[in-house]
Each structure stands twice: as structure tokens, then as C-alpha cells.
Amino acid sequence: MTALEDALRRSMDGQVAVLPAVADQADRAIRGAGVIRRRRLVTGALAALVLLAGTAAALGGHGEPRGLPAPPADRPTVGVTTPAQVTPDAPPVVDILSASVRDGVRIWRAADGKEAALYGRPSTTVVRLDDAWLAVDNEWNLVLLRLDQQPRVLFPGVRQVAVAPGTRSLAWRTDSVMSVGTVTSDGLLVTERSTVAPANPETGPVLYTGKIVLLGGALNRGKDDEHDFWTPADGNYVRTAAANDHVVRVFGRRPDSGRLVGIVENPDGSQCLAELEFSSGMRVLRRSCDLDGYGFAGSLSPSGRRLALDLNERPTGPAHLTVLDLDALFTVPKPAVVSFGVTFAGFGWETEDSLIGTQGRELFRIQPSTGGVTPLRVPGLNPDPGAAPLR
Amino acid sequence: MNEQDFREFVAARSPALLRTAYLLVGDWHRAEDLLQTALTRTYLAWRRLGEIEAVEPYTRKVLVNTATSWWRRRWHGERPTEVLPEAAGPDGADALLARDALWQQVRLLPTRQRAVLVLRYYEDQTEAETARLLGVSVGTVKSQTSRALGTLRTRLGDHTLEGVMTR
């Protein structure tokens with residue numbers, strides 16, 4: 001051991017002699033993992049945005065989850081928009097991915113009110129593909145899941161996949177290659193175009209329109225994620241991620257305007273919620289900087305008008321589900337925001353005015369118009385932690 | 001292993017992992033972020049890891065690999081500089097200053113060299129284990145260590161080095 005080596009040891013020991021207090025690391029990791037799983041569950045149109053200022057609080061009279069923090073006192077309660085379309089305790093009107101990452105894939109189907117065990121392997125990703133589903137299992141196989149049929153491996157070594165909403169077209173990446181293609185009605189994957197995959201192994205398809213692939217990080221953590229585009233009809237993928245460096249996170253694409261909704265970072269390090277042009281450069285079209293504490297999770301409502309997202313109470317504090325009206329957000333100085341004061345491990349939209357969230361093995365219906373959070377106990381639906389709507 | 005096991009693992013091992021994360025990235029906020037990433041990935045792999053003994057090595061590997069991966073380098077910027085911190089004065093500028101000067105120079109090392117030093121001299125990992133964690137050969141660990149120490153000697157200069165070593 002030289003004197004310099006000894007000095008190095010002392011120097012490093014000294015640097016970390018005092019640790020800052022960090023809370024909720026396990027909770028945040030579990031929540032973050034739930035976010036990743038959920039993002040992988042939602043086909044192309046996953047996602048959304050975060051936002052803003054003087055929030056509202058409202059945990060409806062019924063069904064307040066046990067042990068949850070009360071809504072922040074400094075956030076006024078403000079109702080948001082349309083009346084609920086679903087009775088609070090009615091069974092879900094969308095399919096529920098009730099299990100995927102533990103022992104295998106089970107999906108509760110709203111059509112017949114039954115749970116179907118579709119695959120015996122843990123899967124990190126499950127997305128809808130027309131009348132079937134795609135899974136990426138723990139061996140990185142892309143697998144086609146159909147009712148009453150054996151699972152079929154379509155492609156090995158798949159890291160990320162995104163399905164164009166309402167189609168059988170998909171984009172996927174392996175370690176080295178990125179492709180788009182179609183699953184035929186008889187269950188065959190036809191590759192239509194391939195290119196070299198992004199050098200960053202975490203970057204892959206997160207959204208596919210059928211023409212353009214949005215690339216992002218599966219972790220969707222911001223900062224160290226890069227965002228980019230690939231238009232297969234134009235040829236091979238050419239990296240332009242540097243032009244999109246201002247984008248921290250993308251939650252999804254509004255079906256009405258085609259704009260992306262996400263978080264951008266300003267030169268001073270502050271962050272804003274923004275609508276972005278769906279092309280390289282990701283120009284900011286509308287921006288709101290009234291909120292802060294954006295969490296990792298976010299989901300756009302089916303119309304794209306609303307955004308459900310986690311807002312952190314403080315940088316390392318708990319993330320509370322909040323629902324924003326995006327059109328109001330970008331046009332009104334202090335738009336109404338519904339803050340539920342509740343943390344859900346996973347959540348996703350069921351209808352335009354109803355979300356389903358999970359805490360452990362419990363499901364809750366969350367209704368922004370009333371502020372209600374109602375436990376959902378549905379015979380035959382046995383959710384694992386991380387269960388989520390599968391639109 | 002269930003969720004409670006994970007919580008217990010995090011409670012028990014987070015302080016040590018956070019220290020390592022800080023030494024790898026040189027900033028507490030980024031260290032928290034790095035650790036959070038590692039824990040999130042650990043939780044995603046929790047069921048597959050099988051036994052608790054496999055968890056910490058996995059988390060540590062994620063921590064190190066994430067810190068040294070190219071996009072994270074882009075993220076926090078290496079900020080290499082030829083402008084060195086002032087050396088401790090001949091009148092005995094105290095050892096703390098000298099030690100800080102050493103740390104400042106460690107922070108300016110290329111990410112992988114810094115990681116090698118952290119693993120070797122803070123965590124007391126063997127060369128073989130350091131190589132395994134970084135996914136490189138033992139020879140690379142040796143050469144990176146040698147290069148990093150040489151750089152520190154050169155940059156600190158005799159005077160500051162003396163202050164560091166006689167502390």
C-alpha cells in the first residue's frame with residue numbers, strides 16, 4: 001500500500017462520513033418498478049404529462065385507503081370536468097392485467113368477467129395487440145398470447161416493444177437491431193423494416209404511430225433518458241437525440257392533436273410541463289411551469305385531454321396522484337387540479353373520467369370528477385401488486 | 001423473496017450503497033438518483049434473483065454500470081479541466097484542504113478510472129471482483145488503477161501530495 005493509496009482511502013471515507021437523510025427509498029423503488037411495468041403494458045398511446053399550481057384535494061367520502069396521507073392542506077379542492085360514467089363500485093369496464101411479473105400472465109377480461117391465465121412465465125411487458133396480447137418474458141422472448149391458444153414465441157432477445165394503437169403493427173428492438181412489422185391473423189410476425197438499434201441499450205420504442213417510432217428509455221427516469229425518432233419509410237435510424245436534450249420525460253401522445261405531452265427542462269434546471277411537436281427537435285408548442293415535483297409516473301386519458309401523474313410532495317417525499325386538465329393547464333393561469341393525496345403503485349385510465357389504481361393486491365377506482373377513491377372487489381379478479389388497466 | 005424482504009434489504013444496505021454511489025458520481029443528488037435506479041432495477045429483478053445473497057452483488061453491479069455508462073457520463077458531464085485547485089500552502093494549510101484537493105482530483109478522473117479507485121480503495125474489492133463488477137479484464141483494472149494514480153500524482157504535485165500523505 002502506497003501513501004497515496006492510503007490517502008485515497010481516508011479521503012473517500014471522509015467524503016461519505018455524513019450521509020444525507022433519504023426517505024422512502026424502498027417505496028420509491030417499488031413505485032418506480034410499477035411505473036416501468038405499467039409503461040410496458042400500455043400500448044403506443046401510454047402516457048402523459050404533469051402539471052401545476054394550486055392543487056385540489058379530494059378524497060371522496062368512501063373508500064379512503066388505509067394508512068394513506070391526507071391531501072396536502074395547501075392545495076384547494078377543485079372539481080374537474082365531466083361527470084363519472086361508471087358507478088364507483090361497478091366491475092372495471094376495461095381488461096385488467098392482473099398478474100405479469102411474478103409467476104406468469106393473467107388477464108381479467110371485462111367482456112366475460114373472468115380471469116384468463118395466458119402464459120406461465122413472468123413477463124416484464126404486456127401490451128394489447130388487436131384481439132390478442134404481446135408479452136416480453138423474463139427470457140426476453142416476444143410472445144403472442146391468445147385466448148384458448150398456446151403462447152407463440154415471435155422473436156427472441158426483444159428488449160422493448162410498442163404497438164401502434166388499434167393495429168397489429170409493432171416496433172421492437174433487440175440488443176443490436178430495431179425493427180417494425182406486423183403480426184398476421186394466423187400469428188406470424190412479418191418484419192417490414194430493420195435498422196441498427198440505438199447505441200444506448202436503454203433506448204428503444206416507447207410509442208409507435210404506424211409510421212413513426214418514438215424512442216425513449218424504458219426506465220423513463222428523465223435526465224439520463226434520451227429521446228429520438230425513427231421513421232422507417234425514410235430509411236435507417238439516424239441518431240438525432242442531441243436535438244431533444246431538453247426533454248426529460250414523455251408521457252404519451254394526444255390522439256386529438258398528435259402532440260406529445262411531457263416534461264422539459266429549462267436552462268436553469270427548472271422543469272415545465274409541455275406539449276411537444278412529434279418530430280425530431282421536439283419543439284415546445286405549449287408550456288406550463290406552475291407545478292413542480294413531477295414524479296416518474298404519468299398517463300394520458302383516452303382523449304388525451306387529461307393527464308394523471310404523480311407529483312412529489314417534496315423532492316424525496318411521497319408522490320401523490322394528481323389529475324390535470326391539459327387544455328386548462330396551458331391556457332388558464334391557475335387551472336383546477338385534483339390531487340388525491342394518495343400514492344398508488346400503479347394506475348391507468350379506465351374511461352375518460354375514471355382511473356384504476358393499485359396498492360398491493362387491492363384495486364381502487366379513482367374518479368376525478370368526484371374526487372372519489374373506491375376499493376374495487378370483483379369476484380374472479382385477483383390482482384397481483386402492479387396490476388393495471390390494459391386498454 | 002417477497003416485498004418485505006426487499007424493504008428490509010433496502011433499509012439495511014442503502015446507506016452503504018448510497019456512499020458508494022456518491023463516490024462514483026460526486027454529488028449527493030445524483031447519488032440518490034443513481035441508487036434509486038439501482039434499487040428500482042433490483043426490485044424488477046427481485047423474483048429472479050432467487051436468494052438474498054444474490055441481491056447486493058446485483059444491485060452493486062447495476063450501480064457501477066449505470067454510473068459508468070456513456071449516457072450517464074453525458075448526463076452529469078465530466079467537466080475535465082486543466083485548471084487545478086490551489087495547492088495547500090507551505091505554512092501547513094491543513095490536511096483537510098489537502099484531502100479535499102485529492103478528492104477534487106479524483107472527481108476529475110474519467111468515470112471508469114474513478115470507479116476503479118472507488119471499488120479498490122473504498123470498497124476494498126479485489127482486482128478480480130472489481131473486474132467482474134465493471135465487466136472488464138483484471139488487466140484493465142490494473143492499468144486503469146495505475147493510470148489513475150499516476151494522474152493524481154501528476155496533478156497534485158509534490159507539495160500537495162506531501163500534505164495529503166503526511167496527514
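User: Let's begin with a detail. Which residue is the bridge partner of Ile107(A) in β3(A)?
Analyst: The partner is Ala116(A). Keep in mind that this is a predicted model.

User: How many bridges join β2 and β3 of chain A, and which way do the strands run?
Analyst: There are 5 bridges, and the strands run antiparallel. β2(A) covers residues 105–109, and β3(A) covers residues 114–119.

User: What do β2(A) and β3(A) form?
Analyst: They make a hairpin, with 4 residues between the strands. In the turn, Gly113(A) has a positive phi of about 65°.

User: Zooming out. How many helices and strands does chain A have?
Analyst: Chain A has 3 helices and 27 strands. It has 391 residues, and 52% of them are buried.

User: What about contacts along the chain? What share join residues at least 24 apart?
Analyst: It is 53%, counted among chain A contacts between residues at least 6 apart in sequence.

User: Now the sheets. In what order do β4, β5, β6 and β7 of chain A sit?
Analyst: The order is β4-β5-β6-β7, in an open sheet with antiparallel pairing. β4 (123–129) and β7 (152–155) of chain A are the edge strands, each pairing on one side only. On average, neighbouring strands in this sheet are turned by 30° against each other, direction ignored.

User: How many bridges join β5 and β6 there?
Analyst: 4 bridges join β5(A), residues 132–137, to β6(A), residues 142–145. Leu134(A) stands opposite Leu144(A) in β6(A).

User: Which strands make up the open sheet that has β8(A) in it?
Analyst: Its order is β8-β9-β10-β11 in chain A, with antiparallel pairing. The edges are β8 (160–163) and β11 (189–196) of chain A. Here neighbouring strands are turned by 20° on average, direction ignored.

User: And what pairs with β8(A)?
Analyst: β9(A), residues 169–173, pairs with β8(A) in the antiparallel sense over 4 bridges. Ala162(A) stands opposite Ala171(A) in β9(A).

User: Switching topic. Which residues touch the most other members of the largest nonpolar core?
Analyst: Leu134(A), Leu170(A) and Ala21(B) do, in a core of 138 residues.

User: What does Ala21(B) touch?
Analyst: Leaving out residues up to four places away in sequence, Ala21(B) touches Ala31(B), Leu34(B), Leu35(B) and Leu63(B).

User: Where do the two chains meet? How many residues of each are in contact?
Analyst: 37 residues of chain B are in contact with 34 residues of chain A. Several chain B elements give two or more residues to that side, including α1, α2 (28–44) and α9 (138–165).

User: Which one gives the most?
Analyst: α1(B) does, with 10 residues.

User: How many residues on that side are nonpolar, polar and charged?
Analyst: On the chain B side, 23 are nonpolar, 4 are polar and 10 are charged.

User: Last one, on α2(B). Is that helix mostly covered or mostly uncovered?
Analyst: Mostly covered: 14 of its 17 residues are buried. From first C-alpha to last, α2(B) reaches 24 Å, close to the 24 Å expected at 1.5 Å a residue.

How values were computed:
Residues numbered from 1 in each chain as written. Chains lettered and ligands numbered in written order. Predicted model: local features only at pLDDT ≥ 70, side-chain atom pairs only at ≥ 80, totals over all residues. Pairing = 2+ DSSP bridges. Axes fitted to C-alpha atoms, helices over the stretch in contact; angles between N-to-C directions. Core = buried A, V, L, I, M, F, W, Y, C linked by C-beta atoms within 7 Å. Buried ≥ 20, exposed ≤ 12 C-beta atoms within 10 Å, placed from the backbone. Contact = placed C-beta atoms within 7 Å. Nonpolar A, V, L, I, M, F, W, Y, C, P; charged D, E, K, R; others polar. Expected span 1.5 Å × (residues − 1).
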